[in-house]
Amino acid sequence: MTSTTPVLRGYLSDNAAGASPEILAAVSDASSGPAAPYGNDALSVEVAEQFSAVFETAVEVFPVSTGSAANALGLASLTPPWGSILAHTDAHIGSDEAGAPEFFTNGAKIVHLGGVHSKIDPDLLRAGVERKRGDVHSVQPSVVSITQATEAGSVYTLDELRELADIAHGAGLRVHMDGARFANALVALDTTPAEMTWRLGVDVLSFGATKNGAMTADAIVSFDPSLTEELAYRHKRGGQLTSKMRFQNAQLGAYLTDDVWLRNARHANAMAARMRDGLREILGVEVLGDTRANILFCRFPADLVTALREAGYGFYGNRWETDVVRLVTSFVHSAEDIDDFLAAGRRFTAHAL
């Protein structure tokens with residue numbers, strides 16, 4: 001019998017969570033009267049200034065409806081069609097965006113690099129930035145894309161990020177950061193947005209908000225003024241310059257106000273840590289990787305996967321390798337939710353014995 005348990009009991013993705021009350025209220029407030037379209041309203045101007053204050057430097061902000069749009073358009077501003085985008089094998093841009101970066105860059109090639117815990121290995125990057133440089137028969141290394149936090153839930157340290165950025169810039173490449181879970185990484189490192197981006201060499205950031213409390217809003221944040229005009233045209237041509245931009249900016253503004261974004265991320269990370277520590281005590285479960293954010297990869301006995309799903313819990317399994325599952329926590333999960341899931345796992349393993 002198919003379970004009708006609400007997805008709140010599940011751990012498929014932080015995309016399954018709803019929106020923060022503050023963000024819903026801000027959207028409602030933005031609908032209280034007419035406003036200039038296409039981001040020319042007063043609220044949109046205020047939010048742009050808010051981003052500059054948060055990042056401690058003047059930035060250009062282009063709201064978008066999806067993280068894939070942020071990645072594809074941001075990367076398109078950083079590479080020619082004959083260029084290559086160097087990224088980890090696990091990067092979202094290569095495995096989960098249906099070729100959008102290649103499409104919007106008009107053909108640039110994603111070149112995959114290895115590294116443990118879904119982090120780019122610096123030595124592989126050093127080789128990658130020099131591969132076939134100047135060879136007209138090959139794509140030319142143009143940009144490095146770094147996912148922070150990674151698809152595995154690991155987090156680059158500031159020193160690791162700086163090393164990769166230095167390698168890239170030293171070879172004349174630009175640096176893009178896929179920050180779909182930017183806030184989760186930020187609070188895990190207990191650092192500032194400036195320290196994790198432009199101060200160590202990031203040129204363009206895909207700023208994620210949807211996974212962490214927003215409804216339909218992410219953003220491209222550019223730290224390079226020379227990219228402003230190109231990004232503006234790509235933003236429009238990519239169908240992301242919405243006529244009622246104030247509703248996206250209302251979400252982004254509320255997200256940053258009173259540290260809603262940081263509060264949500266801290267909670268999601270704490271729930272993942274609670275889950276991780278509890279799973280380590282369940283017989284037959286192996287916690288994989290180096291989780292610092294809100295994503296866990298584990299190896300579960302096949303019978304445990306079946307039992308938990310029959311109990312109404314949702315999560316991805318066997319997508320990466322046999323018996324490997326992914327659990328994602330969000331700002332809506334409570335400690336009780338986590339404890340109930342762990343108790344269900346313990347009950348099954350005790351019964352199995």
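User: What makes up the lining of the largest cavity by class: how many nonpolar, polar and charged residues?

Analyst: Three nonpolar, five polar and two charged residues line the largest cavity. The classes count Ala, Val, Leu, Ile, Met, Phe, Trp, Tyr, Cys and Pro as nonpolar, Asp, Glu, Lys and Arg as charged, and the others, Gly among them, as polar. This is a predicted model, where local features need pLDDT of at least 70 and side-chain atom pairs count only at pLDDT 80 or more, while totals for chains, interfaces and linings use all residues. Residues are numbered from 1 along each chain as its sequence is written, and side-chain values use heavy atoms, with hydrogens and water left out.

User: Why is this called a cavity?

Analyst: On a 1 Å grid over the protein atoms alone, a cavity is a set of points where a 1.4 Å probe fits but cannot get out, whereas a pocket is an open set with protein on both sides within 12 Å along at least five of seven lines. By that rule there is one cavity of 30 Å³ or more, and the largest holds about 50 Å³. Volume here is the space filled by probe spheres set on the points, which are joined across faces, edges and corners.

User: What makes a residue count as part of the lining?

Analyst: Lining residues have an atom within 4 Å of a point. For the largest cavity they are His 88, Asp 90, Ala 91, Ser 118, Ser 145, Ile 146, Thr 147, Thr 150, Glu 151 and Tyr 156. Strand β4 (residues 140-147) gives the most, with three residues. Strands (E, at least two residues) and helices (H or I, at least four) are DSSP runs, numbered from the N terminus.

User: Which residues lie nearest the centre of the largest pocket?

Analyst: His 92, Asp 96, Glu 151, Arg 181 and Arg 326 do, out of 34 lining residues. This pocket has about 830 Å³ of space, and its lining has eight nonpolar, 15 polar and 11 charged residues. Helix α3 gives the most, with three residues.

User: What is the volume of the second largest pocket?

Analyst: About 330 Å³. Its lining has 12 nonpolar, five polar and two charged residues. Of the 19 residues, Tyr 38, Gly 39, Val 61, Phe 62 and Pro 63 lie nearest the centre, and α9 gives the most, with five.

User: How do you know that β5 and β6 pair?

Analyst: Two strands pair if DSSP finds at least two bridges between them. Strands β5 (174-179) and β6 (204-207) have four bridges, in the parallel sense, so they meet that rule. Asp 178 stands opposite Ser 206 in β6.

User: What makes β1 and β3 edge strands?

Analyst: Their open sheet has seven strands in the order β1-β7-β6-β5-β4-β2-β3, with mixed pairing. Strands β1 (60-64) and β3 (109-113) each pair on one side only. Neighbouring strands of this sheet are turned by 25° against each other on average, direction ignored.

User: What makes the contact between α8 and α11?

Analyst: Contact means heavy atoms within 4.5 Å. Among the residues involved are Phe 182 and Leu 186 of α8 and Trp 261 and Arg 266 of α11. By class, this contact has nine nonpolar, two polar and one charged residues.

User: What is the order of the four strands in the antiparallel open sheet?

Analyst: It runs β8-β9-β11-β10. β8 (286-288) and β10 (316-317) stand at the edges with a single partner strand each, so one side of each is left without a neighbour in the sheet. β10 and β11 pair over two bridges, with Gly 317 opposite Val 325 in β11. Helix α11 packs on this sheet, touching β8, β9 (295-299) and β11, and its direction makes about 15° with that of β9.

User: What makes the peptide bond at Gln 148 and Ala 149 stand out?

Analyst: The bond joining Gln 148 and Ala 149 is cis, with omega about 0°. Ala 149 is found in the loop between β4 and α7 (158-170).

Conventions
Axes fitted to C-alpha atoms, helices over the stretch in contact; angles between N-to-C directions.
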